[in-house]
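The sequence and structure are shown first.

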Amino acid sequence: MMNELILAIESSCDDSSLALMDIKTYELQYYSKISQEIQHAKYGGVVPELAARLHTKALPDMLEKITPFFSDIKAVAVTNEPGLSVSLASGVAMAKSIALSLNLPLIAINHLIGHIYSLFLDTKEEFPMGVLLVSGGHTMILYIDENSNIDILAKTSDDSFGESFDKVAKMMGFGYPGGVIIENLAKNGDDKSYSFTVPLLHDKRLQYSFSGLKNQVRLVVENLNNPTLKDYENIAASFQKTACMHICDKLEKIFSIYKFKKFGVVGGASANILLRSNIEKICSKYNSNLYLAPLKFCSDNAAMIARAAVIKYKNNNFTDINNIQINPKSKNFCIN
Ligand code: KG4
Ligand code: ZN
């Protein structure tokens with residue numbers, strides 16, 4: 001029997017990824033990801049031009065591996081928003097040329113919708129549910145209703161959760177991305193060494209802010225005298241605890257209002273173990289079922305893009321190949 005596959009391309013930031021997903025069974029027939037973390041590490045963050053150049057090399061290399069599947073592909077999906085414009089452009093250019101040459105429809109996918117679908121890679125989606133999205137570019141709490149409409153209940157007014165980890169790692173002289181670095185340092189640190197203030201703790205607004213916390217850490221780091229690894233471990237542990245408390249303080253307030261029956265945590269930073277265990281406690285207090293993506297698919301990947309594209313494919317929601325837009329700062333997103 002012939003397979004019916006969606007080819008998905010993800011290149012919104014510093015990961016080049018390709019996936020082939022069976023439209024009926026959600027089975028991944030091919031999955032590959034080339035991360036650029038090492039190349040960006042020495043700059044302490046993603047350098048857009050370097051990212052674009054690396055995508056332009058990695059994506060065609062991966063594409064070569066899937067030529068045997070070409071006749072089974074029914075549509076080409078690509079992340080077109082939000083992200084770094086030059087990175088998005090690499091993926092969109094390749095998607096357009098494949099769609100043109102194989103005469104296939106094109107499906108544009110919002111990266112954040114992709115992250116939501118990392119919860120349902122091989123199963124049917126289960127809305128309504130609340131979702132916390134924590135990545136390098138975003139921190140928001142969403143409510144997705146039974147018709148897949150999305151409401152933003154809270155978001156950050158400045159840095160994102162993941163970005164604050166990146167910046168704290170950078171200011172202590174460690175590499176990029178900072179999430180895993182800080183989490184590993186924190187394992188050997190004492191989280192009571194520094195008492196950082198939890199942002200907006202007595203503020204009623206359902207809003208996040210990480211730049212003040214980052215600056216509290218900066219002051220401590222700048223005043224260290226001959227810092228040792230132990231100092232950094234203690235700072236990492238204290239910072240991580242406070243950042244997770246900030247997420248959970250607002251999250252618990254939202255839970256007390258919305259009483260989600262189901263709750264998902266997605267995005268690269270959802271791999272953070274302390275964050276996961278704090279959210280587990282909130283979910284069990286509110287009798288909510290917690291949904292987490294497999295660790296491998298928390299960070300950016302094309303499998304989640306393919307899965308989100310299955311919905312649009314089934315709804316015949318295709319994107320005009322001559323009109324596909326790249327929206328680096330897109331703020332609107334919908335599932336269908
Ligand atoms: O979703 P993602 O791969 O890319 C974006 O869409 O931004 O998320 C990457 C972000 C980075 O800021 C990274 O430092 C953070 O997620 N991150 C973590 C952890 N793993 C990745 N932050 C905290 N703890 C982690 N274990
Ligand atoms: Zn992402």
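For the helix pairs described here, axes are lines fitted to C-alpha atoms, for helices over the stretch in contact, and angles run from 0 to 180 degrees between N-to-C directions. Helices (H or I, at least four residues) and strands (E, at least two) are DSSP runs, numbered from the N terminus. This is a predicted model, in which local features need pLDDT of at least 70, side-chain atom pairs count only at pLDDT 80 or more, and totals for chains, interfaces and linings use all residues. Residues are numbered from 1 along each chain as its sequence is written, chains are lettered from A and ligands numbered from 1 in the order in which they are written, and side-chain values use heavy atoms, with hydrogens and water left out.

**Packing of α2 and α3**

- Helix α2 (residues 48–65) packs against helix α3 (residues 85–102) at an angle of about 25 degrees, and their axes are 8 Å apart.
- The two helices α2 and α3 are therefore roughly parallel to each other (angles under 35 degrees count as roughly parallel, over 145 as roughly antiparallel, 65 to 115 as roughly perpendicular and the rest as oblique).
- Their crossing is right-handed; a crossing is left-handed if the near helix is turned anticlockwise from the far one by less than a right angle, and right-handed if clockwise.
- Contact (heavy atoms within 4.5 Å) is made by residues of α2 including A52, H55, T56 and L59, and by residues of α3 including S90, G91 and M94.

**Helix α6 and its surroundings**

- Helices α5 and α6 pack at an angle of about 70 degrees with their axes 7 Å apart, and are therefore roughly perpendicular to each other.
- The crossing in which α5 passes α6 is left-handed.
- F165, D166, V168 and A169 of α5 make the contact with G178, G179, I181 and I182 of α6.
- In helix α6 (residues 178–187), the buried residues are G178, I182, E183, L185 and A186 (buried means under 20% relative accessible area, exposed over 50%, partly exposed in between, with a 1.4 Å probe and protein chains only).

- H115 is buried at a relative accessible area of 0%, and D300 is buried at 12%.

- Q216 belongs to helix α7 (residues 211–222) and is partly exposed, at 23% relative accessibility.
- Apart from neighbours within four places in sequence, Q216 is in contact with F196 and T197.
- S148 lies in the loop between β7 (139–144) and β8 (150–155) and is buried, with a relative accessible area of 12%.
- Apart from neighbours within four places in sequence, S148 is in contact with F127, I335 and N336.
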